[in-house]
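Here is a walk through one protein model, from its charged pairs to a helix packing. Keep the structure open as you read.

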Amino acid sequence: MSNLKTLVNQLESYIANYEKVNLAVSQSSIGWHIDHSLMVINGIIDQLKKSNPEQYKWQFNWIRIFIQIINKIPRGKVKAPKVVQPLEPATAALLISKLEIAKNSLVDLETLNANSYFTHPYFGDLNLKKTLWFLNLHTNHHLKIIKDIAHNV
């Protein structure tokens with residue numbers, strides 16, 4: 001989990017650049033990518049907290065296995081579900097607010113049952129360990145895009 005905390009701190013370091021856009025890299029601003037990443041982290045942790053660990057059931061999933069093997073999310077292949085698409089342009093204040101929620105939520109992860117889970121739209125049910133893997137993978141994916149925007153503008 002310390003890796004996820006490090007990634008969240010890296011997201012924080014780009015808040016000052018939230019308005020930057022580079023259309024050669026992404027149609028969205030750095031702020032959008034930070035906002036989306038924080039929405040995913042906060043939403044998933046909220047789902048983990050609300051889940052009933054007794055209902056978790058592992059199932060084989062080819063897509064998940066493939067992504068685990070390559071350990072990266074291919075760029076531009078999947079559109080974010082509407083529930084984690086920011087509806088309004090990001091502001092520094094909004095991002096800082098969501099960042100604080102994320103930091104507090106990360107602390108809560110340490111108290112959850114190993115079979116707390118959330119249902120991913122492509123990967124199916126992910127328990128706590130697999131959820132941490134996904135959150136690291138997803139946040140790192142967006143950080144790479146953010147870095148490309150920031151350093152190629």
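Does Glu110 count as buried or exposed? At 54% relative accessibility, Glu110 counts as exposed, the cut-off being over 50%. The model is a predicted one.

Glu110 has a charged partner. Its side chain meets that of Lys5 in a salt bridge, at 3.4 Å from N to O. Glu110 sits in the loop between helix 4 (92–109) and strand 1 (117–120), and Lys5 sits in helix 1, so the pair ties together parts 105 residues apart in sequence. Lys5 has 33% relative accessibility and therefore counts as partly exposed.

The structure holds 6 salt bridges. Another joins Asp35 and Lys98, with the closest N and O atoms 2.5 Å apart. This pair also links distant parts of the chain: Asp35 is in helix 2 (residues 30–50), Lys98 in helix 4, 63 residues apart. Both Asp35 and Lys98 are buried.

Asp148 and Arg75 form a further salt bridge, their closest N and O atoms being 2.8 Å apart. Asp148 belongs to helix 5 and Arg75 to the loop between helix 3 (62–70) and helix 4, so parts 73 residues apart in sequence are tied together. Asp148 counts as partly exposed at 28% relative accessibility. Arg75 counts as partly exposed at 38%.

Now turn to the helices. Helix 1 (residues 2–13) packs with helix 5 (residues 128–151) at about 25°, with the axes 10 Å apart. The two are therefore roughly parallel to each other. Their crossing is left-handed. Residues in the contact include Leu4, Leu7 and Leu11 of helix 1, and Leu132, Leu135 and Ile146 of helix 5. By class, this contact has 7 nonpolar, 5 polar and 1 charged residues.

Definitions and conventions: Residues are numbered from 1 along each chain as its sequence is written. This is a predicted model: local features need pLDDT of at least 70, side-chain atom pairs count only at pLDDT 80 or more; totals for chains, interfaces and linings use all residues. Side-chain values use heavy atoms; hydrogens and water are left out. Axes are lines fitted to C-alpha atoms, for helices over the stretch in contact, and angles run from 0 to 180 degrees between N-to-C directions. Helices (H or I, at least four residues) and strands (E, at least two) are DSSP runs, numbered from the N terminus. Angles under 35 degrees count as roughly parallel, over 145 as roughly antiparallel, 65 to 115 as roughly perpendicular and the rest as oblique. A crossing is left-handed if the near helix is turned anticlockwise from the far one by less than a right angle, and right-handed if clockwise. Contact means heavy atoms within 4.5 Å. Ala, Val, Leu, Ile, Met, Phe, Trp, Tyr, Cys and Pro count as nonpolar, Asp, Glu, Lys and Arg as charged, and the others, Gly among them, as polar. A salt bridge is a side-chain nitrogen of Lys or Arg within 4 Å of a carboxyl oxygen of Asp or Glu. Buried means under 20% relative accessible area, exposed over 50%, partly exposed in between (1.4 Å probe, protein chains only).
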